[in-house]
Amino acid sequence: MTLSAPRETRVSPAVHKSLGLNALLNPVRGDRSYSILDLGPALEANVRFWSQFSCWLHIHDFYRSYREWKAADVPEEESEEAAFSALLPFSDETVFDIILAWDIFNYFDLRELEALVQRLSRWCRPGTRLFALISSLPNISASPTMFRILNPEQMIYEIPTQDTRPCPRHQPRDIARLMARFTVSSSFLLRHGIQEYVFAFK
Amino acid sequence: MIWKKSDADNPPTQTPMQPPPQPSAPRSQPPPAKERALIGPSIEIKGTLSGGEDLFVEGRVEGKIELAQHSVTIGPSGRIKADIQGRSIVVMGEVEGNLAALEQIILRQSSKVRGNLVAPRVSLEDGSDFKGSIDMTSKPAVEAKPLHTDNTAVKPPSQQVLRQDKTGDKV
């Protein structure tokens, strides 16, 4: 009998250049304070990165929270709006300068995304920037990638599982309709099939 | 049979378990061990905890922990539903509440925290399950601003708006 090695569930982290991150951070200056909403999980590298600026960082691991909410015994009639209200409970006075959506757009259908973007728009003001990575590949990791900021031009992609799922492959026209209250400040199609967007709230 | 000596036979300051005095030992006294209070795993406290020494919590606390000049450590089995003030705060267990430290807050890998953190230095280890906000503005912690919750998050001053870039092309 031979013992087989346990299956490696994570994909080895890889460093990627990020022109979008660079564009997002370009206007960030050290003499100001920023309010940042991070919809990804809490990561040591990102907290360390943002700590060099004067900022107020909100971390909300939104996808996992939403999954937990859906897994809970919620009434059928509960809508995404209700979920997003509960999961993103900021007051109307809250305003964010930067929203880090990372790749979570790939994990929601257009109806859910519409509710999410509508919710996020409440806390945007002209100039608020939203950073998103949208995949055009047929398949994506079963769970969102963890993006660790190395420096303003590089991120480490840490894919949590080797399992995959079909990518919704949101079309540019759908993204344009979805983000009607934003303009595209920058967008970069990377070699590995991911498009980085920096949206700016109108 | 062993005869038990009477108390009068024993020197008052010496017990058989104590090592004999070391005449060759240096005269300078070692620094006293830092005083630290421990709340054990079976202890549950409701109310406000305050005092003049460091605190290590392995039990449950509901209410407030106010030790602004001392360090507060929440051990792996600590379960806290309270706002915590300390000089430095280290969390290994679970906390639901706001944390304010004069020096630093450290969330260890095993921690689960729901709340808002205010400190000049915040360190968060990977694996830490954190949801909330981290105030890393340069103002001194604790007295900089009152602790806030997500529901009362305040709007930053208007001069903090990011410069709006030239409108880009639509997708």
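1. Helices (H or I, at least four residues) and strands (E, at least two) are DSSP runs, numbered from the N terminus.

2. A word on conventions: this is a predicted model, in which local features need pLDDT of at least 70 and side-chain atom pairs count only at pLDDT 80 or more, while totals for chains, interfaces and linings use all residues. Residues are numbered from 1 along each chain as its sequence is written, and chains are lettered from A and ligands numbered from 1 in the order in which they are written.

3. Helix 4 of chain A has its own buried residues, A:Glu80, A:Ala83 and A:Phe84. Viewed down the axis of helix 4 of chain A, its buried residues fall within an arc of 95 degrees, so they line one face of the helix. The cover over the buried residues of helix 4 of chain A includes helix 3 and helix 5 of chain A.

4. Helix 5 (residues 110–121) of chain A has 12 residues and spans 16 Å from its first C-alpha to its last, close to the 16 Å expected at 1.5 Å a residue; the expected span is 1.5 Å times one less than the number of residues. Within helix 5 of chain A, A:Leu113, A:Leu116, A:Val117 and A:Leu120 are buried. Seen down the axis of helix 5 of chain A, its buried residues lie within an arc of 95 degrees, so they line one face of the helix. An α-helix has 3.6 residues a turn, so residues three or four places apart point the same way. The buried residues of helix 5 of chain A pack against helix 4 (80–87), strand 4 (98–102) and helix 6 (172–178) of chain A.

5. A:Met179 lies in the loop between helix 6 and strand 10 (182–189) of chain A, and A:Met179 counts as buried, with 23 C-beta neighbours inside 10 Å. Not counting residues up to four places away in sequence, A:Met179 touches A:Val117 and A:Phe199.

6. Of the 87 residues in the largest nonpolar core, A:Ile36, A:Leu57, A:Leu100 and A:Ala101 touch the most other members; such a core is a set of buried Ala, Val, Leu, Ile, Met, Phe, Trp, Tyr and Cys residues joined through C-beta atoms within 7 Å. The largest share of this core, six residues, comes from strand 11 (residues 194–201) of chain A. Leaving aside neighbours within four places in sequence, A:Ala101 is in contact with A:Leu39, A:Leu130, A:Phe131 and A:Ala132. A:Ala132 itself is found in strand 5 (residues 129–135) of chain A and is buried, with 23 other C-beta atoms within 10 Å.

7. Strand 2 (residues 33–38) of chain A is mostly covered, five of its six residues being buried. Six bridges join strand 2 of chain A to strand 3 (residues 54–59) of chain A, and the two run parallel; strands pair if DSSP finds at least two bridges between them. The bridge partner of A:Ser35 in strand 3 of chain A is A:Trp56.

8. Elsewhere in chain A, three strands form an open antiparallel sheet in the order 1-8-7, with strand 1 (14–17) and strand 7 (146–151) at the edges, each pairing on one side only. Strand 1 of chain A and strand 8 (residues 154–158) of chain A pair over four bridges in the antiparallel sense, and A:Lys17 has A:Gln154 as its bridge partner in strand 8.

Methods
Buried ≥ 20, exposed ≤ 12 C-beta atoms within 10 Å, placed from the backbone. Arc of directions from axis to C-beta. Contact = placed C-beta atoms within 7 Å.
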